[in-house]
Amino acid sequence: MNRLLTLALLLLMATANHAASIVVHPGESLHEALRQAREWRRTGDSRCQGGITIVIKAGRYYMDEPLFLRPEDSGTPDSPTVICGEAGTVICGDATQQHRQLWPAEGMAPIIDFKTAQRTITIDAPDENVLNGTDPMEMVVHQRWAIAILRVKEICRRDGSAIVSFLEPESRLEFEHPWPQPVIGGERGSSSFLLQSTEQRDGVEQLVVVDGAHHISFRGITFENTCWNRLLHRGHVTLQGGFPIVDAYKLKENEGLPWDATLENQAWVERPVSAVTVREAESVDFIGCTFRHLGATALDYVSVKDATVDSCRFEDIGGTAILAGSYAESPREVHRPYNDLAERCQHLTITHNTIHDAANEDWGAVGIGCGYVRDVVISDNSVSHVNYSGICVGWGWTAAYTGMEHNIISRNHVSDYARQLYDAGGIYTLSNQPRSIISDNIISAPAKAPYATNDRAFAIYLDARTDGFTLSGNTIEGRPLRRDEIGDNQPGPNLIFQ
């Protein structure tokens, strides 16, 4: 009987794929292991038959430069490259920079005045010991659905108040393009700020960059500890969703453009940095991985086809946990409707992931954010403890057809969202997305954000000309979500509520 079993196992092994393995031990180079696999691919080595598996043994692997995977590292459907870790395998950078809130001691405080011409913000005067400190300071400005982080240039005390000016370029961007705009009284509450000092050092921001490679799979790896260096050099003025503005101005004469008669501003944005970046790629998957203690975006699919993020965990993320698709980054002006961007990110599946505690550095970031995308499935994920929206799909603020279509948001559980910012949704959408679905999601009521400047926060928010969705089976607090509880802003005529 043992002989027959042995023979059966030998036959099974003979018919199985003969995938080659490269084993990396602590202290050894991940770059060298990848180079070895690349050389096998280049020379057509027989060991590529059935694929190549790079096995990373348990331990911490510090990256002082990213691990780059390029087209030469691509596998094939029959011979993929799998990079897998044992339990306890960590690819890591530097611990995130530390902040210390200087004033007020806790929470935020109102802005007294916001002067566009002088580019100053007036606040109640902080304590003398704050003003006399030598540490660099930043002001965090609450702006409804986004924040700005401005490096302080000077604070002048005057009649019990303090007039604060700021460094460039963020000073120009904040005051030439004040939208979203701080609210000084009116609506509900007022804009707020805090002063904080930041540890002044540049640290590792990126761990892995997949640039043009195909048929790569990461499995069972923890990506940990990255910094967010932008604040040390340029400040951070955002448009929405954590996207930094690189140039902007407000239209002062003859507001409006052919595609939007009410448009009052122009802006160009760039992509926030990410710990793991995938672009111009195909079939690049992350299965059973952990992303934690990351300063900005965790995982960013800039442009990809046929990819999967499944059963991963994201925790303590400074920006967005999972970002995907184009957001009309510079050199394009962000408010124009584009019809060639959605095809850059399609057939992406995001399933069975747990996202907890994201957007904790940039409050305007989100749990899962997809811009111009098509044929994307976001299902069976848990998203919780985020400061703005939970799951966001769409970009462009347009009723025009842009190629965004057939996006499915189903069976997700979203809770504890809109913790600091409003104009938010547990599920938030923008623009026309024909044949798309929002179904069977379990969503809590929005958090009672302490600094909200309006009441616009909803379990589902169909913002800025959302159209083309069918909504069914969604629940809030254990009961069916009613149509009158779904927020909308200039909704399109092709929404279906079942």
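This is a predicted model: local features need pLDDT of at least 70, side-chain atom pairs count only at pLDDT 80 or more; totals for chains, interfaces and linings use all residues.
Trainee: Helix 2 to start with. How many residues has it, and what distance does it reach from end to end?
Mentor: Helix 2 covers residues 30-43, which is 14 residues. From its first C-alpha to its last it reaches 20 Å, close to the 20 Å expected at 1.5 Å a residue.
Trainee: Which residues in helix 2 are buried?
Mentor: Leu30, Ala33, Leu34, Ala37, Trp40 and Arg41. They cover an arc of only 115° around the axis, so they sit on the same side of helix 2.
Trainee: And what do the buried residues of helix 2 pack against?
Mentor: Strands, among them strand 1 (20-24), strand 2 (52-56) and strand 5 (81-85).
Trainee: What about the ends of helix 2? What caps the N-terminal one?
Mentor: Ser29 does, with a side-chain oxygen 3.1 Å from the backbone nitrogen of His31. After the helix comes Gly44, with a positive phi near 65°.
Trainee: Changing topic: strand 24. How many of its residues are buried?
Mentor: Five of the five, residues 297-301, so strand 24 is largely enclosed by the rest of the structure.
Trainee: Which strands does strand 24 pair with, and in what sense?
Mentor: Strand 21 (residues 274-279) pairs with strand 24 in the parallel sense over four bridges. Strand 27 (residues 322-324) also pairs with strand 24 in the parallel sense, over three bridges.
Trainee: Which residues stand opposite each other there?
Mentor: Thr277 is opposite Asp300 of strand 24, and Tyr301 is opposite Ala324 of strand 27.
Trainee: Now the largest nonpolar core. Which residues have the most contacts inside it?
Mentor: Phe218, Phe223, Phe286, Phe291 and Phe314, in a core of 144 residues. Strand 38 gives the most to this core, with eight residues.
Trainee: Take Phe223. What does it touch?
Mentor: Leaving out residues up to four places away in sequence, the contacts of Phe223 include Ile91, Val276, Phe286 and Phe291. Arg292 and Thr290 are also among them.
Trainee: Last one, Ala452. Where is it, and is it buried or exposed?
Mentor: Ala452 lies in the loop between strand 37 (442-443) and strand 38 (457-472). Its relative accessibility is 4%, so Ala452 counts as buried.

Note on methods:
Residues are numbered from 1 along each chain as its sequence is written. Side-chain values use heavy atoms; hydrogens and water are left out. Helices (H or I, at least four residues) and strands (E, at least two) are DSSP runs, numbered from the N terminus. Buried means under 20% relative accessible area, exposed over 50%, partly exposed in between (1.4 Å probe, protein chains only). The expected span of a helix is 1.5 Å times one less than its number of residues. The arc is that of the directions from the helix axis to the C-beta atoms. Contact means heavy atoms within 4.5 Å. A polar contact is a pair of N or O atoms within 3.5 Å; within protein, one must be able to donate a hydrogen and the other to accept it, and residues adjacent in sequence count only if both atoms are side-chain atoms. Two strands pair if DSSP finds at least two bridges between them. A nonpolar core is a set of buried Ala, Val, Leu, Ile, Met, Phe, Trp, Tyr and Cys residues joined through side-chain atoms within 4.5 Å.
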